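Please read these notes with the model open beside you.

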Number of protein chains: 4
Amino acid sequence: MQDINIAMIGGGFMGKAHSLAYAAMPMFFWPSPARPVKKIVVDVTDELARTAADRYAWEGFSSSWRDVVNDPSIDVIDIATPNNLHAEIAIAAAEAGKHIICEKPLAPTAEEAGRMYEAAKRAGVVTAVAFNYRRTPAVALAKKYIDEGAIGEILNFRGTYLQDWSADANSPLSWRFQKNIAGSGAVGDIGSHVVDLARYLVGEISAVTSLVSTFIHDRPIQSGGLDALGGAAKSDGPRGAVDVDDESMSLVRFHNGAVGSIEATRNAWGRNNFITFEIHGTEGSIFFNYENRDELQVAFKNDPSDRRGFRTIYTGPNTPYGQSLWPIPALGIGYGETKIIEAHDFLKAVVEGTTVEPNFADGYQAALVDDAILESGRTGQWVDVPNATGSGAAHG
Amino acid sequence: MQDINIAMIGGGFMGKAHSLAYAAMPMFFWPSPARPVKKIVVDVTDELARTAADRYAWEGFSSSWRDVVNDPSIDVIDIATPNNLHAEIAIAAAEAGKHIICEKPLAPTAEEAGRMYEAAKRAGVVTAVAFNYRRTPAVALAKKYIDEGAIGEILNFRGTYLQDWSADANSPLSWRFQKNIAGSGAVGDIGSHVVDLARYLVGEISAVTSLVSTFIHDRPIQSGGLDALGGAAKSDGPRGAVDVDDESMSLVRFHNGAVGSIEATRNAWGRNNFITFEIHGTEGSIFFNYENRDELQVAFKNDPSDRRGFRTIYTGPNTPYGQSLWPIPALGIGYGETKIIEAHDFLKAVVEGTTVEPNFADGYQAALVDDAILESGRTGQWVDVPNATGSGAAHG
Amino acid sequence: MQDINIAMIGGGFMGKAHSLAYAAMPMFFWPSPARPVKKIVVDVTDELARTAADRYAWEGFSSSWRDVVNDPSIDVIDIATPNNLHAEIAIAAAEAGKHIICEKPLAPTAEEAGRMYEAAKRAGVVTAVAFNYRRTPAVALAKKYIDEGAIGEILNFRGTYLQDWSADANSPLSWRFQKNIAGSGAVGDIGSHVVDLARYLVGEISAVTSLVSTFIHDRPIQSGGLDALGGAAKSDGPRGAVDVDDESMSLVRFHNGAVGSIEATRNAWGRNNFITFEIHGTEGSIFFNYENRDELQVAFKNDPSDRRGFRTIYTGPNTPYGQSLWPIPALGIGYGETKIIEAHDFLKAVVEGTTVEPNFADGYQAALVDDAILESGRTGQWVDVPNATGSGAAHG
Amino acid sequence: MQDINIAMIGGGFMGKAHSLAYAAMPMFFWPSPARPVKKIVVDVTDELARTAADRYAWEGFSSSWRDVVNDPSIDVIDIATPNNLHAEIAIAAAEAGKHIICEKPLAPTAEEAGRMYEAAKRAGVVTAVAFNYRRTPAVALAKKYIDEGAIGEILNFRGTYLQDWSADANSPLSWRFQKNIAGSGAVGDIGSHVVDLARYLVGEISAVTSLVSTFIHDRPIQSGGLDALGGAAKSDGPRGAVDVDDESMSLVRFHNGAVGSIEATRNAWGRNNFITFEIHGTEGSIFFNYENRDELQVAFKNDPSDRRGFRTIYTGPNTPYGQSLWPIPALGIGYGETKIIEAHDFLKAVVEGTTVEPNFADGYQAALVDDAILESGRTGQWVDVPNATGSGAAHG
């Protein structure tokens with residue numbers, strides 16, 4: 001089993017998830033394509049980086065991502081920073097010949113995402129973008145049904161990502177509400193996951209028309225942390241402006257003739273990580289809700305009329321990835337498992353010199369959709385999505 | 001208790017529902033504002049009308065709606081015909097001074113609906129349009145929460161009406177698929193209910209942008225019945241063209257600043273009468289699914305953080321209409337109950353000389369929204385919805 | 001269509017439900033086996049009876065059930081009184097040659113139920129006991145699956161009936177909490193429904209062991225009504241003793257080798273009319289929850305391993321009784337529909353001179369199970385249930 | 001941060017889960033009470049042990065648990081073997097002064113469990129038994145509600161553990177179906193988890209009456225693995241006898257006056273890891289279903305009558321363990337997280353020299369309940385459960 005030396009840039013919540021994934025990957029996938037070696041973790045100060053190394057069991061630490069990117073002992077750069085740093089790091093990493101896995105969205109703008117895509121393509125490195133929800137076994141099962149033709153030709157896709165961790169106007173001003181760091185708000189942070197699921201399950205999006213809103217215009221300036229999320233204490237201190245959206249709704253057209261809607265909001269009291277999709281095909285329907293992620297619901301037209309209805313399938317040993325996870329359905333898939341599978345699929349491609357999806361082409365294409373959503377939100381017009389990477393042919 | 005003499009035009013499925021409502025109304029609402037007297041039922045032939053009278057317990061029958069509309073003994077005309085007859089009957093009834101309850105959509109086009117509205121207004125008669133889902137106790141409870149401010153300012157509305165009784169391309173060509181009778185397809189038949197719920201709960205819709213699709217372009221010509229629905233046998237006989245939509249998705253703007261989406265489809269395998277709405281407000285959220293219509297789900301921002309989440313409220317004696325229904329929650333609200341309440345609210349207004357909602361103004365306004373959806377489906381542009389009846393002020 | 005003249009004894013909540021059923025029966029079932037004629041309603045005073053006649057549209061009224069039972073114009077006696085009057089009325093009715101439908105439980109004790117059963121048998125009249133939940137279309141569908149062998153040999157039954165309308169110790173002392181009227185508490189009032197479902201779906205119960213509890217020992221004496229249920233105002237007035245159970249749990253053995261558990265409680269905050277059963281067979285499983293009564297859930301062993309799981313079937317035109325109800329699944333089955341079907345099935349048997357289930361034999365057998373539960377609750381021992389009516393052979 | 005040196009006996013499914021827990025523990029709990037060092041893994045052959053060490057990242061391996069138990073460098077013995085080896089290993093480990101965490105059930109019989117308990121008590125070592133479902137955050141939240149008095153005095157507990165991975169009579173004869181290894185079937189393997197939850201949430205069980213069944217009497221002899229579970233291929237080869245139960249149902253009494261029922265079955269088609277409990281108290285109710293383990297449902301009596309119903313609470317940063325898990329509710333708790341928390345709580349007690357629950361006293365007490373269930377299954381009588389460890393006082 002080959003060692004793959006990894007350097008991870010960013011030691012926050014995502015750093016935790018990625019560290020878990022590397023530690024657990026061979027435990028789940030065995031024989032494993034590689035042993036991920038957690039070589040170096042980078043954070044903004046040596047102190048933060050040292051703590052991250054200690055906590056997440058990395059061999060070394062650094063506060064200079066540039067040094068690390070150019071370290072010849074490193075095979076893989078894992079980018080888990082705020083969005084605005086993705087492009088600079090990724091392009092440097094590509095130029096240094098490193099394989100790259102980057103958190104989503106790939107970049108604050110499609111322009112930056114496009115430069116990342118081009119740099120990686122030039123360098124010929126393996127890339128991945130961490131749209132991890134594709135890796136939920138129930139989502140992979142939906143893909144399998146679709147690929148088998150079990151729901152026929154797809155007519156309609158409806159996807160949502162609803163949250164409430166920042167629905168309170170007094171929750172802190174994370175970088176996720178600042179355009180210069182995040183690029184956009186709900187569109188890029190959560191809506192991009194739904195765009196990725198739509199592209200994965202249905203095919204390439206050709207055009208969008210959108211409503212993009214900001215309902216909460218300022219929030220308390222955050223102290224003591226750049227990205228406190230749901231558990232953060234409320235504050236009545238000085239407030240700073242929110243200059244990104246917190247909600248978007250789109251109608252979409254796919255190249256293959258299907259239609260759809262995509263909604264992302266941060267203002268949905270009672271919804272936590274409510275990533276759902278419903279797909280209607282000529283032969284059946286699929287429904288998924290990540291809040292109950294062990295389940296996939298599927299209805300088949302051809303069932304006898306007194307036995308037709310949504311079936312609730314629990315993923316397990318007989319469904320995708322199941323032989324590598326837990327031996328009984330509903331023992332329970334958590335967030336960690338989605339990241340373990342993601343790490344596996346990426347590192348397998350690195351070892352085998354193949355590609356994995358979603359990669360930088362997918363990340364770029366998703367960013368083009370995001371940009372189109374934002375533009376449509378400004379203009380009120382349908383906006384065509386350029387097919388910059390040729391991915392439509394593969395999906396359509 | 002005053003007698004109200006009713007004549008009903010149309011003895012099909014809706015005739016059954018309305019007959020049940022009149023028979024049951026005083027049983028549920030007691031003391032009752034009136035005793036509905038089922039005087040005359042009208043169908044297209046004497047034979048059909050006689051059977052309807054026998055089956056639904058009407059005192060007399062007729063095959064001439066014109067005679068009946070002009071019968072001085074009749075107080076109320078109940079229109080339960082296919083859509084294309086609504087206007088002619090309703091206008092004649094209004095001119096004869098009859099109070100009118102009309103099935104939905106009010107008419108195939110907004111133009112016709114507008115003429116109905118004007119005629120009734122001129123005549124000063126009490127009108128109602130049978131958007132019965134407003135009468136679901138859980139929907140009335142949602143309205144109560146909103147009116148009490150319990151969910152704050154409304155930011156977002158998402159409504160759906162998904163069905164599958166005609167998702168099979170071999171299900172028969174009911175009049176519901178013919179433009180000259182129905183006016184439109186999913187838009188008017190089912191989408192209009194969601195439009196009504198949106199107007200009822202959120203306020204007046206000011207503009208829409210829509211995708212309107214027809215996925216099934218022809219169906220077997222129906223024999224032996226004008227409106228066989230879900231239970232109809234499949235056929236491989238001669239086929240006729242479907243010239244209406246079977247699916248529409250819209251983004252909507254409300255006058256009060258809220259945004260929303262509305263989806264109606266007949267192609268959703270596994271969905272039966274899937275009328276849902278989710279409303280996000282600054283103080284909470286509401287979710288409703290008619291398929292589990294005894295329940296309303298509501299989440300309140302101000303609940304303690306370890307006790308916050310959607311509450312599943314079962315309607316019963318302590319919620320709207322509850323004192324008139326069944327003594328224990330979840331004994332069960334069915335379709336019949338929604339029509340019993342509808343009949344009560346309408347006849348109460350007739351007796352008291354007041355108005356009831358939804359009335360012809362609401363039906364007209366909903367038809368204007370439907371027309372805007374259809375136009376946007378053709379043009380791809382946002383279409384403003386004229387506020388023809390001043391209802392925006394009331395709801396706004 | 002033959003007229004059937006009915007006299008109903010009791011004008012409370014059940015009187016309302018039965019009156020609705022008679023009015024609606026031919027509307028739903030057409031051609032109808034008979035036209036139910038609501039001749040006479042009886043209540044404890046002329047005043048109450050007159051109001052009931054007016055409200056529920058009965059031709060006449062009386063305060064003397066004895067006169068009515070002996071009225072030669074009457075074909076059917078419908079008993080909707082408190083439990084302690086069932087036997088006397090039913091036996092007199094049987095002796096007068098009347099067909100009888102009686103509310104459940106058949107009587108406060110098995111001894112009385114047995115006398116009713118014997119009297120009706122001697123008289124050769126058609127009987128029914130109003131365990132209406134059998135008439136829920138989804139329950140009838142469960143029965144159909146079982147009869148078709150779709151879930152194989154039944155191994156296990158688990159049934160519950162949980163409520164909270166009297167979970168508050170300050171809710172009023174209805175007759176349902178008084179042994180001399182009701183016979184028992186949760187056991188007879190709600191548990192008997194589960195016993196009936198168990199017998200219907202699985203077969204005859206041969207023995208039980210039970211825990212029977214009374215957690216609320218006194219309640220405010222009720223003024224202004226004998227049977228105020230869920231909506232009743234709380235009171236801090238004088239209290240009276242509760243001398244019946246409010247909760248029971250049993251393990252049961254069936255003659256055919258299956259095992260099961262039955263739970264009934266009035267103390268389940270948040271449960272309203274939570275009648276559920278889960279049945280495990282060698283070929284599949286069934287789950288039902290009356291609170292979502294349009295649905296039946298069924299899982300089949302023989303589904304492919306990546307498509308196996310509970311299917312949620314909505315009852316409608318393609319499931320039992322569906323052709324007589326509403327044309328689209330999930331338009332909605334309410335409490336009323338269960339009683340309409342019940343009235344139909346009973347009156348059809350009256351007209352055709354056949355029998356219907358559940359009848360007095362079933363009511364008697366259920367009462368024997370109830371008595372065994374109460375006895376086991378006292379002794380802590382398994383108690384055999386005598387098979388007094390030979391029904392085991394039919395079901396086993 | 002102190003190192004704790006661990007040796008784990010058993011490299012199967014549970015070995016995987018425990019290895020993940022040790023690797024992840026400081027990532028989640030930070031600052032961490034200790035750094036678990038995965039020193040030695042033991043399996044039945046050197047080859048299996050070497051593979052386990054490689055896969056699960058243990059420093060060394062061995063095929064002699066006796067050597068390892070006596071290795072002075074080891075602080076903690078983790079027992080993840082089949083049940084019949086627990087006692088011998090645990091007693092040796094205790095005598096060697098090792099702290100011990102042991103998989104459940106603690107032993108095949110209460111007698112063995114008692115010896116383990118006594119040995120550990122004599123040795124003064126810290127013990128834990130791996131009833132990990134207590135560690136589900138939603139279960140811990142239920143405990144918090146109960147401890148805060150939010151649901152009042154507990155009246156009723158109903159718990160289930162339903163599975164189907166062995167519902168097919170052709171699924172292989174794992175050691176879990178052999179009495180000499182497992183001790184019992186569904187009772188010990190899964191029912192014991194429900195017993196543990198009942199004791200945790202309600203208090204000590206004083207007596208039981210039970211139905212214990214074996215519906216599948218023989219299964220194909222398993223080749224190539226001692227414990228293939230749900231994913232195992234079906235076989236038509238030679239069959240061996242099942243000499244344990246596959247299903248049990250019990251009524252239980254608690255010392256504090258509450259009553260309850262406990263059901264465990266391996267024959268529930270469509271149920272996967274269906275661990276549920278419903279608790280009714282004087283002030284509210286709680287419902288939990290592990291298949292949707294991110295959620296807890298709770299109903300409060302004191303909510304206003306038009307806002308009362310089950311609330312669906314998603315665990316997250318504001319609920320127990322939440323600060324150490326994921327930053328947003330419904331990112332997702334999986335099986336892994338329950339074991340990570342379990343490892344943390346145990347190792348924290350080891351470092352601090354305190355105790356943790358559930359420990360060997362709890363494991364022993366649960367085994368006494370299991371034995372009582374089996375005895376009652378044989379005798380049909382209520383069986384008292386001895387309170388061997390004094391735990392009733394703590395819980396009651």
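1. A salt bridge here is a side-chain nitrogen of Lys or Arg within 4 Å of a carboxyl oxygen of Asp or Glu. Asp294(A) and Arg293(D) form one, with their closest N and O atoms 2.4 Å apart. The rule finds four salt bridges across the interface of chain A and chain D.

2. Some ground rules come next. The model is predicted, so local features need pLDDT of at least 70 and side-chain atom pairs count only at pLDDT 80 or more, while totals for chains, interfaces and linings use all residues. Residues are numbered from 1 along each chain as its sequence is written, chains are lettered from A and ligands numbered from 1 in the order in which they are written, and side-chain values use heavy atoms, with hydrogens and water left out.

3. How many residues does each chain bring to the contact of chain A with chain D? Chain A brings 49 and chain D brings 48, where contact means heavy atoms within 4.5 Å. The two chains bury about 4,000 Å² between them, 61% of it on carbon and sulfur atoms. Buried area is the accessible area (1.4 Å probe) that two parts lose on being put together, summed over both.

4. Between chain A and chain D, 20 residue pairs are in polar contact, both residues being at pLDDT 80 or more. A polar contact is a pair of N or O atoms within 3.5 Å; within protein, one must be able to donate a hydrogen and the other to accept it, and residues adjacent in sequence count only if both atoms are side-chain atoms. On the side of chain A that touches chain D, helix H1 (13–28), strand E2 (34–42), helix H2 (46–56) and helix H9 (335–352) each supply at least two residues. Helices (H or I, at least four residues) and strands (E, at least two) are DSSP runs, numbered from the N terminus. H1(A) gives the most to this side, with ten residues.

5. By class, that side of chain A has 26 nonpolar, 13 polar and ten charged residues. Ala, Val, Leu, Ile, Met, Phe, Trp, Tyr, Cys and Pro count as nonpolar, Asp, Glu, Lys and Arg as charged, and the others, Gly among them, as polar.

6. Chain B also meets chain D, with 18 residues of chain B in contact with 18 of chain D. The area buried between them is about 1,400 Å², of which carbon and sulfur atoms give 40%. Asp306(B), Arg307(B) and Arg311(B) lose the most area in chain B to chain D, together 44% of what that side buries.

7. Six salt bridges are counted between chain B and chain D. In one, Lys144(D) pairs with Asp306(B), the closest N and O atoms being 2.3 Å apart.

8. Where do H6(D) and H8(D) touch? Val139(D), Ala140(D), Ala142(D), Lys143(D) and Ile146(D) in H6(D) meet Leu197(D), Tyr200(D) and Leu201(D) in H8(D). This contact has seven nonpolar, no polar and one charged residues. The helix axes come within 10 Å and cross at roughly 30 degrees; axes are lines fitted to C-alpha atoms, for helices over the stretch in contact, and angles run from 0 to 180 degrees between N-to-C directions. The two helices are therefore roughly parallel to each other. Angles under 35 degrees count as roughly parallel, over 145 as roughly antiparallel, 65 to 115 as roughly perpendicular and the rest as oblique.
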